[in-house]
Structures are given as structure tokens and as C-alpha cells.
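I opened a new model today and want my notes in order. Here is what I looked up, entry by entry.

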Amino acid sequence: MPRRALLAGLAALLTLVAATLVALAPTARAADPRDSFVTRCGIRFCLDGKPYYFAGANTYDVFTFGFDWLPAPDYVDRARIDAHMARLQNDGVSVLRLWMFSHEDWQGFEAAEGVYTEEEFILFDYVIKSARDHNIRLIPVFENYWEAYGGIDTRLRWEGLPTGQANRWRFFNKQQCPGCFDQYKNYVRYALSRTNYFTGVKWTEDPTIFAWELMNEPRYQDATPNENTTGTTLRAWVDEMGALVKSLDPNHLLGTGMEGQQTSYGYGGDAGNPFVYIHQSPYIDFTSAHMYPTEGWAGLDFTRARALLRRWISDSHNLVGKPFVLGEWNAHDNKTEWWRQIYAEMEASGGDGDAFWWYPANTNCGGFDSGEGCPEHAVFRAHSAAMKAKSELTDPSPSPSRSPSVSPSVSPSVSPSTSGGPASCRVAYRVDNSWSGGFTASVTVTNTGSAAVDPWVLTWTAAPGQGLVNGWNATVTQTDATVTARAPSWQTSLAPGQSWTVGYQGSGPANPNPSGFALQGSPCA
């Protein structure tokens, strides 16, 4: 055979082999986008290398969805939180902005200076868990400028200083209130050092958090002749607190929580928080504004409101160089048309995200309430779909690592030779809820050995008549009576002394409890 013909034949054979190997190779599973942090790429948000746009809402009071008279973890009203997250998800809410502050005795995060209420933080742990289960990201806000839930008035009072609107500027002035700086920093340090009670994931390592906000609507108002327009003192505070947050948590985005009111915008007045200058802080990742066009002091019609929104977006992208979020907004009347107008402008002008005020856990539709079933939600759902389409984003299933229905073809149970070797462990099992024909339960496994287990695999034997419906915080499957929980991609290792909680929904009777719990095939106490 001539050399040329031989080479051609060999090339054809190699091509055929390569094509066969490609055809036989398993198809890679798409990564769950909930395991990725949203980041900033210039003037856009990004997720897994693609632009990310969102349509969101505010439900500021989720932190009150509990029982302050019961001990933890029964302090948490799981059913109420899950039900509201399901409502938000069904209406297309991708990001939820909510309060993570309160100085009140009832449901307070910090009711006394430096005394942090563990039960309240446990409740917020569950809020984070439920948000992930329902494919929602969160923007928690660290503190409030206004008096609701105590706000900075309480911190000023703890320092023996006067309170109220005429005195709130003191909070941001280090010479006037150095203790206010210490209080705020201590609270942020405490929050950002937390590990989730239910998932075992550190808050700083949980992609469910879209971003933190320094404060709800901060101002440095009427304190000096120039500062209403210059914003010098508030910018210094934003820089100092932003640097602290970023040093503790480099993974998450950070916003100011500002309103965007300014005389030059023809909306509100100057209050020591100029939109461009404050947001140019190197520690801030996106701009924010809050718009209430039908308020008497605002007096905006459709044309002027859309022009204001265009200006905010343009200044954010072209002057600040960062994404823009309409963090609060709504109208009292004619809501459906207002929502059409504002969301059309967001989409046309390239706004990056928005969150209407507000989505209560009820069906109220009056005033700024836009609860479940309100007619304006039809407009919002279309807007949410448009923002997701711009993001080229496909939602994962509602619960993390949710497995298909039980069938004989599910992966076989784990054997004692599972990777990671013999393990020493302890298990706590709890039925969280039960009803006729089903239940939900939590299995908390603790590595009591001296070496990390990676990747960890937990197994147990279901009681007679019990089947698996779905699971979370692990990949949970069942074959015959053997249930297997495999480590999720975001937490494969179980360090010595570390615990992890797997949740699942079962069919059949809640009692008796499962038995035979084992980690890597080694029985657990």
C-alpha cells in the first residue's frame, strides 16, 4: 500500500476511534448553580462566567417567623418559613432582601449590647437553608437607619447619646460615637463567624447569600453645612465597614442599602449620601436605590419615574462602573400598570436586579403590600422570566440534591470499604414533622474519630413501611430498606468533631425510628 494511502487509512481509523470514545463517554452533569457564588464582572453580576440578572422582592420580617417562648431548635417555625419560600419561588422571586437586625426583646438578634440571641440566629440559619431549598438567594441587611426594630437609635442610646432623626448622624461620626463603630463591628464579626446550625455550612461560604448590605437606607443628614452634598463622613464609614466585611468574607458581594435620593436627580433631597460618590467605595460591589414614585414628596408620573430609573442605571454603569439594583420600590395605586412601566424600563435600560417592597406572608394587596395572588404578580412573573432568560439560567429542582422516586435501579447501598476508611461516629435522629402517610426527619452525624472522612457516606435501615420521597443537604437514595446519604458537592469532608445534618421526607409511618446508622460502613453510636 502506498505511504499516502496508509497514512490516510490510519487517520480515518483514529477519527473513528475518537468519535466512538466521545459517544461512549458519560454525559457530564450540569453543575448546580446554587453551588456557585454570584460575583461582579465590571458593570454586571456574573454566575459561572455568564451575566446574571434577577427579579426579587423584600420580605423584611422573616426573622420573626418563630416562637420566642420555646427552646431552640423548636424556636423555628419551619413550616411557616418553608411555606413562604414556596410562595416566593412560585411567583418567580430569585433574590429576597430581608432584615437581619433587631434590638427588641422579642425576636431580637441583639437585644442588649453585645449579647447575641442564639435562638434568633438559629432561626436565621433555617431561613438560609429554606431559601436554598427553594432556589432563592438572600440579601441580609446588617442594621437599620430608621427606628423600626430599634435601629441605630438603640446603639446611640447604649452609648448615652441622644436619638431620633436629628441625632442619627452621630452614629457615623467616629469622634461623636466611637462606641457605635465598635458595636457595629462586633455584630458583623459575630454574624460572619457563624456556621449554620442546620447545614453545617459557614455563612461566609454559603452561595445562598447573594450579598450583604451594610444598612437599610443610611444617611448623614444635616450635620454640617456641606455634608448633605459631599457625603464625606458617610463615605468614610462605608469604607471602614466595607473593608471589615470584605476581610471577614471575601466570597460575597456587598452593597450599601442606599436610597438614591438626591436633589440633582429630582427625587427627594440631599442627605449626605450622594449616589455616585458613596458607591465608588472600593469595597462596594453594586449600587442601590429605592423608589416610591406615588408618595406625595416624590410626585413622579410614569415618564419621570422611568427617566429617574434610566439615570440611576446609566450613572451606575458609566460613572460608578458597577451593577445597579433597585433594592426597594412599589406604588400605592394602579400597581399593575406601575409594575409594567418600571419592569419594562429595567429590562430596556439594562438594570441588573430589583426587589419590590414587599411580599408579606399573606394575601394582602393594599398599599405597598403585594402578597400571594395580587394581580401585579402576573407582570412580575413575566419580568422574572425575562431576567432569567437574559441570564441563560435554568432553575434546578426545588430541593437540593433531590433524588428520583425510589426504584430497584437506584444505586446500591454502600459497603464498609467505602472511600475514607473506617470511621467513628455519633448520630442523632429526629422526626421534625409527621402526618398521615408521611413525615420529615433530620439525621445529624458527628465524626467522633481523629481523621477527616472524605467523601463521607452515611447509611441507615428504614423502618418497615418507610420509603424515601426526597432529601436535602446530601444526595439521598434508597434501595430496599437501605437509605444512603452521600456528601454534597459543597461539603464532601467531615472533619474530626464536625457534624452534618441530612434532611429527608419519607412516606409511611414516622415510627419506629430507622436503625443501623453507619458512616463509611462503621456503626455509629
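Predicted model: local features only at pLDDT ≥ 70, side-chain atom pairs only at ≥ 80, totals over all residues.

**Entry 1: around alanine 361**

I started with alanine 361: leaving aside its neighbours within four places in sequence, it is in contact with Phe65, His84 and Arg87 (contact means heavy atoms within 4.5 Å). Residues are numbered from 1 along each chain as its sequence is written, and side-chain values use heavy atoms, with hydrogens and water left out.

I found alanine 361 in the loop between β11 (353-357) and α11. Helices (H or I, at least four residues) and strands (E, at least two) are DSSP runs, numbered from the N terminus. Buried means under 20% relative accessible area, exposed over 50%, and partly exposed in between (1.4 Å probe, protein chains only). I also checked methionine 85, which is 276 residues from alanine 361 in sequence, yet their C-alpha atoms are 9.3 Å apart in space.

**Entry 2: the whole chain**

I zoomed out next. The protein chain has 11 helices and 20 strands. Of its 525 residues, 55% count as buried. I looked at contacts between residues at least 6 apart in sequence, and 75% of them join residues at least 24 apart.

**Entry 3: two helix pairs**

I picked helix α4 (residues 151-158) and helix α5 (residues 178-191), which pack at an angle of about 120 degrees with their axes 9 Å apart. That angle makes α4 oblique to α5. For the cut-offs, angles under 35 degrees count as roughly parallel, over 145 as roughly antiparallel, 65 to 115 as roughly perpendicular and the rest as oblique. Axes are lines fitted to C-alpha atoms, for helices over the stretch in contact, and angles run from 0 to 180 degrees between N-to-C directions.

α4 passes α5 in a right-handed crossing. A crossing is right-handed if the near helix is turned clockwise from the far one by less than a right angle, and left-handed if anticlockwise. Which residues of α4 and α5 make the contact? I listed Arg155, Leu156 and Trp158 on α4, and Cys180, Gln183, Tyr184 and Tyr187 on α5. By class, the contact of α4 with α5 has 5 nonpolar, 1 polar and 1 charged residues. Ala, Val, Leu, Ile, Met, Phe, Trp, Tyr, Cys and Pro count as nonpolar, Asp, Glu, Lys and Arg as charged, and the others, Gly among them, as polar.

Arg78, Ile81, Asp82 and Met85 of α2 touch Leu123, Tyr126, Val127, Ser130 and Ala131 of α3. I get 6 nonpolar, 1 polar and 2 charged residues for the contact of α2 with α3.

**Entry 4: salt bridges**

Side chains of opposite charge can pair when their charged atoms come close. The structure holds 26 salt bridges (a side-chain nitrogen of Lys or Arg within 4 Å of a carboxyl oxygen of Asp or Glu).

In one of them, arginine 132 meets aspartate 35 at 3.1 Å, N to O. Arginine 132 sits in helix α3 (residues 118-133) and aspartate 35 in the loop between α1 (3-24) and β1 (39-41), 97 residues apart. Arginine 132 counts as buried because its relative accessibility is 8%, while aspartate 35, at 25%, counts as partly exposed.

I also noted aspartate 91 with arginine 381, where the closest N and O atoms are 2.5 Å apart. Aspartate 91 is in the loop between α2 (78-90) and β5 (95-99), and arginine 381 is in helix α11 (residues 377-391), 290 residues apart. Aspartate 91 is buried at 8% relative accessibility, whereas arginine 381 is partly exposed at 39%.

Where did I find cis peptide bonds? One joins aspartate 454 and proline 455, with omega about -5 degrees, and another joins asparagine 511 and proline 512, with omega about 0 degrees. Last, glutamine 107 has a positive phi of about 55 degrees although it is not a glycine. Glutamine 107 is in the loop between β5 and α3, and it is buried, with a relative accessible area of 1%.
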